[in-house]
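The discussion begins with the strands and then turns to the helices and the overall dimensions.

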Amino acid sequence: MLAGLVERVTFHNPENGFCVLRAKARGHRDLVTVVGHAASIAAGEWITASGEWANDRVHGQQFKARFLRTSAPSTIDGIEKYLASGMIRGVGPVYAKKLVQVFGDKVFDVIEVQPDRLREVDGIGPVRASRITAAWAEQKIVREIMVFLHSHGVGTAVSVR
């Protein structure tokens, strides 16, 4: 079992979900490489993975995840990284910083429950606000489907398909 914060998504294939991640894992001083499958993944997300350690001849030691669960970040730094990663259409590094400055760690609640408040952020108009809420809803649905399939013993690679 491995748990940690995704620092960087080195590779992600949207077709089959294969991904290579660099994560700050609990109990490890340096970043670790995690290889697995995820429908969508972004820097700043928290992952829990089950699988085994393997030593790849070319890439060195890496954690090969059979199950890879992601959850939205909870720290301010993680939230900003996640929003800036491009996972939410309409938000890049500039708007990620603005959103976190205005709403802090409540930004996801605002997007989900009070989307009209997004307009309080300088530069976010009705079009960008609706794009952000639609993209957030889409990510949430994907996450819920993955959790459901995992709870029924379906591996991440099959779930992505």
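Arg 8 has Arg 22 in E2 as its bridge partner. Strand E1 (residues 2-12) and strand E2 (residues 18-25) run antiparallel and are joined by seven bridges. Strands and helices here are DSSP runs, numbered from the N terminus: E of at least two residues for strands, H or I of at least four residues for helices. Two strands count as paired if DSSP finds at least two bridges between them. The model is predicted, and local features require pLDDT of at least 70, side-chain atom pairs count only at pLDDT 80 or more, and totals for chains, interfaces and linings use all residues. Residues are numbered from 1 along each chain as its sequence is written, and side-chain values use heavy atoms, with hydrogens and water left out.

Strand E5 (residues 60-71) pairs with two further strands. With strand E3 (residues 32-37) the sense is parallel, over two bridges, and Val 35 has Lys 64 in E5 as its bridge partner. With strand E4 (residues 46-56) the sense is antiparallel, over 11 bridges; here Ala 54 stands opposite Gln 62. Three residues lie between E4 and E5, which form a hairpin. Five strands close into a barrel in the order E1-E2-E3-E5-E4, with mixed pairing. From one strand to the next, the twist averages 45 degrees (axes are lines fitted to C-alpha atoms, for helices over the stretch in contact, and angles run from 0 to 180 degrees between N-to-C directions).

Along the sequence the pattern is β-β-β-β-β-α-α-α-α-α. In helix H2 (residues 93-103), Tyr 95, Ala 96, Leu 99, Val 100 and Phe 103 are buried. Because these buried residues fall within an arc of 135 degrees when seen down the axis of H2, they line one face of the helix; the arc is that of the directions from the helix axis to the C-beta atoms. Pro 93, Val 94 and Gln 101, on the other side of H2, are exposed. Buried means under 20% relative accessible area, exposed over 50%, and partly exposed in between (1.4 Å probe, protein chains only). The buried residues of H2 pack against helix H1 (76-84), helix H3 (107-113) and helix H4 (126-151), where contact means heavy atoms within 4.5 Å. Just after H2, Gly 104 adopts a positive phi of about 60 degrees.

For the protein as a whole, buried residues make up 41% of the 161 residues. The C-alpha atoms fill a box of roughly 50 × 35 × 25 Å, taken along the principal axes.
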